[in-house]
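The following paragraphs lead the reader through selected features of the structure shown here.

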Amino acid sequence: MNKRVKKCLPQLLGLGLLLNTHLPMLAQSLEEQTVLAALALNIVRFTTWPIDAPIKDTIDFCVIGDNVVQQSFTGIDHKAVGNKTLQIINLSRLRNFEDCHALYVSELKQNVLLQVFAEIKKRPLLTIGEGYDFAAQGGMVGLENVEGKITLHVNLTRVHESNLNISARLLKLAKIIGN
Amino acid sequence: MHPSKFQPVDSAYAHMVNKNNKKTVISYYLSVIIGCFSPLLSAEEQNEALNLSVEDLLNVEVTSVAKKAQSLNDAPAAAFVISNEDIKRSGATSIPDALRLAPGLDVAKIDANKWAVSSRGFNGRVANKLLVLIDGRNAYTRSFSGVYWENQDVMMEDIDHIEVIRGPGATLWGANAVNGVINIITKHSSQTQEALLNAGGGNREQGFGSFRYGAKLGANTTARAYVKGFNRGENSNLTGAKAGDDWNKVQGGFRLDSRLSTQDTLTFQGDIYRTDINQFSNYPQIAPPFQVAENDKTLAYGGNLLSRLQHTFSPTSDYSLQFYYDTYTRNEVPLYERRDTLDLDFQHRFALLDRHEIIWGASYRFGHDHLDGKKILNGSIPYNLNPSTVNDQVASGFIQDELTLIDNTLWLTLGSKFEHNDYSGFEGQPSARIMWAPHNQHRLWAGISRAVRTPSRAEQNLTALTRIIPPQAQPFPPFGTPPVAIISQGSPDFRSEEVITYETGYRTVFSKSVSLDVTGFYNDYRDLRESLPGAPVFNGAFLQLPLIFTNALKGKSYGVEIATVWQMLDWWRWDVNYSWLHTQLNDEGNPQTAISPQQRVSLRGALSPRRDIDLDFWLRWVDTNFAVSSFSDTYIKGYVTLDLRTAWRPYQGIELALVGQNLLAQQHLEYVQENQTSATAIDRGVYGKISWSF
């Protein structure tokens, strides 16, 4: 009896592993946060900062989000953006935005988010967040999940106010808010 | 290895196979271990996403099903969140039934219209160590120190989430958050803009319906209004006879949210309800047969109005000012009760220097009550409160500092509530908590807190005839003892119960699809309630033996609570909770306090094989339970029960659901109330529901 159990053990463990979706999925779909992080990287690549922006060797990309969001952004840490490197900074407190060149906001209460925008004002800081409302309420790029696919919303007025420029190639793929 | 000559070949072969097996097993275990510590998102998937062009990224199908299995709560406390989706898929039709989704909570149905809900033990019809708030409004009543769950309702579909915190929450939420706090949060009205119509019925849920309508009132204002009603059928008692516990309710309410400026928001909400409750009551009687039974009808009604103004100065600073009025009336056969509460609450959050986040606040509550004993059928008045009307006030302040010791890694939270109430005077309720995140997949926390449970009105002012011991013909006729009337007697000297709690917890995501949350706690209680006999008085006909409420009892409890989520497949999630609790009181030989089940298991599977189909099953095991009542103490047998739900959405906006509850047995007993009603079993139930949102 004991032998039989031992014989079956590897198979049982194998079954356990098989059921655990850790095995690479036949990827027809991808994890949302992974896609959002990859999109964020691309948006940074398509963005030009004004010449007088305080950018040296790294583009400092600040992230506000939970452990899942933070984990997904480690995947784009140290990636090349032109001749510079992207550096992810996880913000645990909602301040010192002047140290960031780009900011990703995963989820914040609306009243707090509006004050984040008020604080950033017209600083050359690329803001990316989740949902249409993010861009409509004063952010620059909103990534909205519409029935399983991501739609880009760009608030061009805000982008231009901050003297940033987003390439036309990206804008072609986005829905523009305002004029 | 060469088999020895003297060794039977079989055995040698077996040995080799074993060795091979061991190797295989070890390699499997290694892969399991590696799997356990792999990052949340697999590297392959991340690389795949990074290799895609923007066009492809915008075209790829994205999934967020594993999100629940990956998110770690950042609170340095035993916190658990029940989502709107969880509630829907559980099939629960009331708030207390939905609370069974949380680990560590002891939820027991007394009968169709009463529940006993507690955290970490000390359960009862009015479990007094659990604080409950609905959108910031306190649902815990001073009268008997507890929650009338049958009075608390919302449109279940409009609940955003229920936050369950086990352990003391007194520093932020105030007195009576001794073993837990439940925050029921409804959705912002901008999220309920469509109309929703629900209707259904079955054998226990005999008929129910609700309608909600949401609208935009101007550019910056949204609102909703709802009305709901139900009729719930009676269960049976242990002999199979009708238990007479059927009831019905009708409730309506609204919520309005307005953005006054970019910095100011205003919320205004209210509810009104009326409930008719039937119950089969037993009362002690001085004359033979020393106990009488009657069918009682209770009429309960009430309402509330709440407004909250929030002003946001900056991302790190805001304040809120909240005001509410709550009233309820319970016209029960033995007791008329009315309570009006006015509450004003102010909270301010701000950042100080670079490392401190301070939150402080002040509140004031005024209560007015009227509690009158009423005649039962035999003309006696079993309950009396003296005085019958009391005004009481609670004033409190609190301050808490969350100090970041190491950025993104180590936090220390210190705080205390300071409160003055008319029943027990000044109370200080401090807590200290520390949280360590060595990696973004791991959280460790520990805390020590003090909390008090303040005296109820009844504990200070009640006189209640609880039991008659019939005359005994001993030692032999005509000599004997007269009838003895046991009278529960409140005492103005009764003061607060107190706990010091030590807690620690660990949360982790140990693969892309599994998360684990473990909490251990030790509670040291003192000044717990115990009724001790006073001086007996013989009035010529019978002996009156008062049992006076005192703070003589001490005790401790400790336990472990585990919650896991496993997203096994994209369309199949498991939620498994286990809790173990040990309660030890120094009441040997005279148990007066209920002992909650030592173990509870909840195993839930949520399957969505197709976008338009849900299949859910929910298996629960509850260990033996000990309930005390004025008639007798009861050991309630452990039970296993199963709920099933299936739902189909044939068209956009329409859902048909079929729910079976407590399917494994015709009936089972979960709890016995402390007085008045006798043991009522909970019957198997089935209901169907149709929802139409448009």
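B:Leu260 lies in the loop that links strand 13 (247–259) and strand 14 (264–284) of chain B; helices (H or I, at least four residues) and strands (E, at least two) are DSSP runs, numbered from the N terminus. The model is predicted: local features need pLDDT of at least 70 and side-chain atom pairs count only at pLDDT 80 or more, whereas totals for chains, interfaces and linings use all residues. Residues are numbered from 1 along each chain as its sequence is written, with chains lettered from A and ligands numbered from 1 in the order in which they are written.

B:Leu260 is partly exposed because 13 other C-beta atoms lie within 10 Å; a residue is buried at 20 or more such atoms, exposed at 12 or fewer, and partly exposed in between, with C-beta atoms placed from the backbone. Leaving aside residues up to four places away in sequence, B:Leu260 touches B:Thr265 and B:Leu266, contact being C-beta atoms, placed from the backbone, within 7 Å.

In chain A, helix 4 (residues 110–120) has A:Leu113, A:Leu114, A:Gln115, A:Val116 and A:Ile120 buried. These buried residues pack against strand 6 (102–105) and strand 7 (126–130) of chain A, and also against strand 15 (291–314) of chain B. After helix 4 of chain A comes A:Lys121, with a positive phi near 45 degrees.

In chain B, strand 17 (residues 335–352) and strand 18 (residues 356–373) pair antiparallel over 18 bridges; pairing requires at least two DSSP bridges between two strands. B:Phe346 has B:Ala362 of strand 18 of chain B as its bridge partner, and B:Ala362 in turn stands opposite B:Gly397 in strand 20 of chain B.

Conventions
Contact = placed C-beta atoms within 7 Å.
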